[in-house]
Amino acid sequence: MATFGRVMVHHAPCVFAVLIWADQLALYMLWLLMAYLTDVWKLGLTHAATIVNVFWGLYAVFPLLHAFLADTILGNYWMIFISNISFSAGLGFLTMSTPPVLARSMGNCSEYSPECIGQGQKILFYTAMPLIVFGMAGHLSCTTIFYDEQLSRGGNQGNNDGGSKVFTKFFYDVANIIVPCIAVLGLPYVTPWSLRFGIPAICALVATFLFSTTLRRLNKYNLKPKGSPVMIFIRVFVAAASKLLYTIPTDANELFEVRNSQLALLPHSGSLRCLDKAAIVIPTKSLEEQEKNAWGLCRVTEVEETKAIVCMIPVWMTFIFCGVVTALVFTYFIEQLNHMNPKVGRLKVPIVVLLWLHQQITKTCANFCTRLYHSIGVRKPGSEKIAPTIGIAVSMILAILCCITAAKVENRRLGIVRRHGLVDKHDERLPMTVFWLLPQFVLLGAYDGVLISSGYYFFTDDQAPFAMQRYLPLYNRFVSGVGILASILAVFVVGRISENGGKTANWFQHSINASRVDKYYWTLAWLMGVNLVIFVVVAVLYRYKESKLKREEPRTRSRVTNALHCGHSTSTSNWTCNITCNCCCWNFEYNS
C-alpha cells in the first residue's frame, strides 16, 4: 500500500492517456461511417442515416446505464475493463467486416463495392456496432471518475507530488493537440477503409492491454461499487406506491427524517405531495422495523431530492428535439461534404477537418459560457439561475439559424446538381467547394457548445440534489441521445407526409442528389421554433429552487463533488465548473 500512490501517480496518466488517444482516433474514423455506408455498401440515404443515428443515439443513451451498473454492481474499474474489451473487439470486427480482410476465407472479392460484401461481413459489421457503443459509453461514464479516485487516494497517502501534474498535463496536451492532428491530417489520406478502421483497433487493443496491467497496482477499496443515488429516486417511488391508501399528515414534521449533523438536509416543500407518502411513518408498526426496510420508508430529504428531479423532466423533454438537430452533423451534413469539391487549389481538404472545426467551436463556446455564468453568479448573485435559461433559448435560436443556413446552401447545391446533370450520378463530385458548408458547421458547433454549458448549469446550479449531480450530465446526454434516435422517426414521418398521398415524390430518395434535404432542413427550422416557444413556457412555469441545503461540514460537499465529471472549487460558496467538450467520448479536464 505504501507504493500505491507513487506508482499510480506516475503510471495512471500514461495508461489513461493511451485510452484517450485510442478513443480519439476511433471517433474521428467513426465520424465517416455515413460516407462508408453510402460509398462502399451503396446504401440508400435514409438506410445509412438510420444505422448511423442508431449508433450515435445509443452512444449518448448508454452512459447513464453504465454509470448505474458501475455504482451498484461492477465498480468503475471493472466497468472500464469490460468496456475496453468490448471496444477493442468491436473495432476489430469492424475492421474485419471490410471486404479485403476476409475476402479469401469467405470467398468474396476484395474490392470496396457492395458485390464484395457478403453475409459474413454484414454479421461482423452489425456485431461491431453495439460492441463499440458499449465500450465508448463505458469510457464516457466511468473513466474520469475512476482516474480522479486513484489520484486522490494517492494524494491522501502523501504521495501526490508535483510529478503527477506534470505527467497529466503532458499527456493531456498530447491527447488534445498531437492526436487530433494525426487523425485529421494523417488518417484521411489512408484510403483503404480496412486500415482506417484497423489503426484505431490496434491502438484500442494496446490500450486495453496496458489498462489490464494496472489491476495489481490499484487500491482495492476503490474497485468496489459504492452505490448509486439513482436508487434513491427508485426507492421513493416504490415506497410512495406501497402507501397509496395512507393519508398524508398535514404537519410535515410528522414525516420521517433523520436529524444528523453528518447528513445534508432539505426542507419540506408543498409540491408533488403524492411523493410525501414515501416518508409516512405507519403508526401500527415500530419505527425501528420500518427503518430497516429502505424500500418502504424514505427520508424527507430523499423525497425532496426526487421531487427536484421530477420537476426537471418537462425541461428535459424540450431537449429531445435538440438531439434531432444534433443528428444532422453525423448524417446529412457528412453526405453533403462527401459529394462536394474538397480541394482548395491543389490541396485536398479532408472531410474530418470541418468536423474537427465543429468540435473546437463546441468546446470554445461551452468554455466561454461556463466562465460567463460563473462571472455572472459572482457579480450578481441570483442572476445565475436565469442566465442558463437564456443560454438554452439562445442555443435553440442558433439551431434555427443553422437549419435555415443549411437549407439555403443545400438548395444552391441542388441547383448545381441539376445544371450539371448529376442527379443520378451518385459518385460524381460537384463543382462546389465544401467551404460552402462552413457556416452551418460553425452554427451547429456554437449551438452544441451553448446548449451543453447552459443545460449543465441549469440543472446543477442549486437546482438538483448534490448526490445526483454526477448523473445530471449523463441525463442531458441521455435526452440528446433519445432525440438522435427520434430523428429516425422524424425522417420517416416527414418523408411520408411529403408524398402527399402519393401525389408528389418523397423528399428522401436513394441518394442525396435526388433528395430534397433542403425542405427537411426548413421543416426542422420551424419545428425548432415551436420547441423554443414550448421551452420558454416551461421555463417560465419552472419553480427555481433556492439554495437552502444545509451543510454542516465542508468535507461533505467536497466528497460529493469528487463524484462529478467536472471539477468544482470548494473554497468559496460559489461553484466553479470547468466543462471540457473534447472531440472524443471523454469528459477529461486538467486543472493546473
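The structure is a predicted model, in which local features need pLDDT of at least 70 and side-chain atom pairs count only at pLDDT 80 or more, while totals for chains, interfaces and linings use all residues. Residues are numbered from 1 along each chain as its sequence is written, and side-chain values use heavy atoms, with hydrogens and water left out.

I begin with the salt bridges, each defined as a side-chain nitrogen of Lys or Arg within 4 Å of a carboxyl oxygen of Asp or Glu. The count comes to six. One of them pairs Arg235 with Glu302, with 3.2 Å between the closest N and O atoms. This pair links distant parts of the chain, since Arg235 belongs to helix 9 (residues 230-241) and Glu302 to helix 11 (residues 300-317), 67 residues apart. Helices here are DSSP runs of H or I, at least four residues long, numbered from the N terminus. Arg235 and Glu302 are both buried; buried means under 20% relative accessible area, exposed over 50%, and partly exposed in between, with a 1.4 Å probe and protein chains only.

Asp276 takes part in two further pairings. It meets Arg273 at 2.6 Å, N to O, and Lys307 at 2.9 Å. The pair of Asp276 and Lys307 links the loop between helix 9 and helix 10 (287-292) to helix 11, across 31 residues. Both of these residues are buried. Through shared partners, salt bridges join Arg273, Asp276, Glu304 and Lys307 into one network. Arg273, at 33% relative accessibility, counts as partly exposed.

Which cysteines form a disulfide? Taking a disulfide as a pair of cysteine sulfur atoms within 2.5 Å, a search of the whole structure finds one. Cys109 and Cys116 form this bond, with their sulfur atoms 1.6 Å apart. The S-S torsion is about -110°, so the disulfide is left-handed. Cys109 is partly exposed at 36%, whereas Cys116 is buried at 1%.

Next, helix 3 (residues 45-74) has a kink of about 30° at Phe62, shortly before Pro63. The bend is the angle between axes fitted to the seven residues ending at a residue and the seven starting there. Just after this helix, Gly75 has a positive phi of about 90°.

Finally, Val533, Val536, Val537, Val540 and Leu541 make a nonpolar surface patch of about 480 Å². Such patches use residues with over 30% relative accessible area and no salt bridge, nonpolar side chains (Val, Leu, Ile, Met, Phe, Trp, Tyr) being joined within 5 Å and like charges within 9 Å; areas come from the Shrake-Rupley method with a 1.4 Å probe, only the protein chains shown counting as cover for residues. Leu541, in helix 18 (residues 517-541), is exposed at 65%.

Terms used. Helix = DSSP H or I, 4+ residues; strand = E, 2+ residues; numbered from the N terminus.
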